[in-house]
Amino acid sequence: MTDTAPPPRRYADDVLGGPTDTERARLAAMAAVCDPTTIRVLDERGVGVGWRCLEVGAGGGSIAAWLADRVTGAGHVVATDVDIRHLDVLAGPDLTVLRHDVTRDPAPAGGPFDLIHARFVLEHLPDREYVLDRLRDWLQPGGVLVVESIVKFPLDSSPHPAFRRAMHSIDEALARTIGTDSAWARGFPAPLQARGLVDVGVSVHLPTTGGAGASAQCWALTLTRLRPHIRELGLADDDTLDEALAALADPAFFDLSFATAIAWGRAPG
Ligand SMILES: C[S@@+](CC[C@H](N)C(=O)[O-])C[C@H]1O[C@@H](n2cnc3c(N)ncnc32)[C@H](O)[C@@H]1O
């Protein structure tokens, strides 16, 4: 494989994703940590009754459900994912669930959209710049795009060596298997500015990982899921990973892990 060859796997092949209860729990923990911030940002963008919304890579569907409640009546929400097995209970009069690959399928019916939101999706897609072009094209004039992505800059300063190594191993395992780029969003909101969006802004959410809370649970599940890949790639030894998992289960442990960068912008018109 050359440096420019595509990564051998894609999200939801066998690295992350899938129908298991463990993956459902991981998505639920992610939502518990991140939904309040996402909802605040979407609320500040003015999403309301009558909006047509697209939730890309909807995962467990918590934000799609919140949007459907918000646009109720005249509006509509389309919740897409390559794997809709965690979304099956959601469909209703204001919400359509669609199996859809954002990298290659045609624009979802129901657009152009007043709001397009994608959280923790584009950083995992090697063709993220092309996907961003597509999302931009699917906006209504005046429509709002909100993109959220993990960023790794807090990891290096962790005072806990095993935890720091484990989180870096997650980062490197995702980069080397599916092509995740956890530095891409450090440049936000430039990718939105480059596409001619206006009223652009960016915010960073840096939740505490510890106290055996939802963030710790989410990263423990992610670390456990990625452990075979970490081992295969020789990124960390078992003692280090066991120590990191013990820390994440310890109510007295506190640290920072990945941050979330959130960028938004509006199509002119
Ligand atoms: C880390 S999860 C985030 C889920 C949800 N957005 C959230 O923040 O709670 C990434 C999601 O993106 C989906 N996904 C991955 N590649 C995709 C693609 N090419 N098109 C659409 N969805 C994709 C995965 O199946 C998964 O549900």
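**View 1. The largest pocket holds about 920 Å³ of space.** The model is predicted: local features need pLDDT of at least 70, side-chain atom pairs count only at pLDDT 80 or more, and totals for chains, interfaces and linings use all residues. Residues are numbered from 1 along each chain as its sequence is written, and side-chain values use heavy atoms, without hydrogens and water. On a 1 Å grid over the protein atoms alone, a pocket is an open set of points where a 1.4 Å probe fits, with protein on both sides within 12 Å along at least five of seven lines. The points are joined across faces, edges and corners, and the volume is the space filled by probe spheres set on them.

**View 2. The lining of the largest pocket comprises 49 residues.** A lining residue has an atom within 4 Å of a grid point. Tyr11, Leu27, Arg119, Phe120 and His124 lie nearest the centre of the pocket. Helix H1 (21-44) is among the elements that supply at least two lining residues, as are strand S1 (52-56) and helix H6 (214-233); H1 gives the largest share, eight residues. Helices (H or I, at least four residues) and strands (E, at least two) are DSSP runs, numbered from the N terminus. By class, the lining has 24 nonpolar, 15 polar and ten charged residues.

**View 3. The ligand sits in the largest pocket.** The ligand is surrounded by 16 residues, the closest being Gly57, Asp81, Asp101, Val102 and Arg119; a surrounding residue has a heavy atom within 4 Å of the ligand. A nitrogen atom of the ligand lies 2.7 Å from a backbone N or O atom of Gly57, and a ligand nitrogen is 2.8 Å from an N or O atom in the Asp101 side chain. For Val102, a backbone N or O atom lies 3.0 Å from a nitrogen atom of the ligand. Of the 590 Å² of accessible area that the ligand has on its own, the protein covers 95% (Shrake-Rupley method, 1.4 Å probe).

**View 4. Two cis peptide bonds and one positive phi occur in loops.** Most residues other than glycine have a negative phi, and most peptide bonds are trans. Gly111 and Pro112 are joined by a cis bond with omega of about -5°. Another cis bond, with omega of about 5°, joins Phe188 and Pro189. Phe120, in the loop between S4 and helix H3 (128-137), has a positive phi of about 60°.

Technical notes: Nonpolar A, V, L, I, M, F, W, Y, C, P; charged D, E, K, R; others polar. Polar contact = N/O pair within 3.5 Å; in protein donor to acceptor, adjacent residues only side chain to side chain. Sits in = over half its atoms within 2 Å of the grid points.
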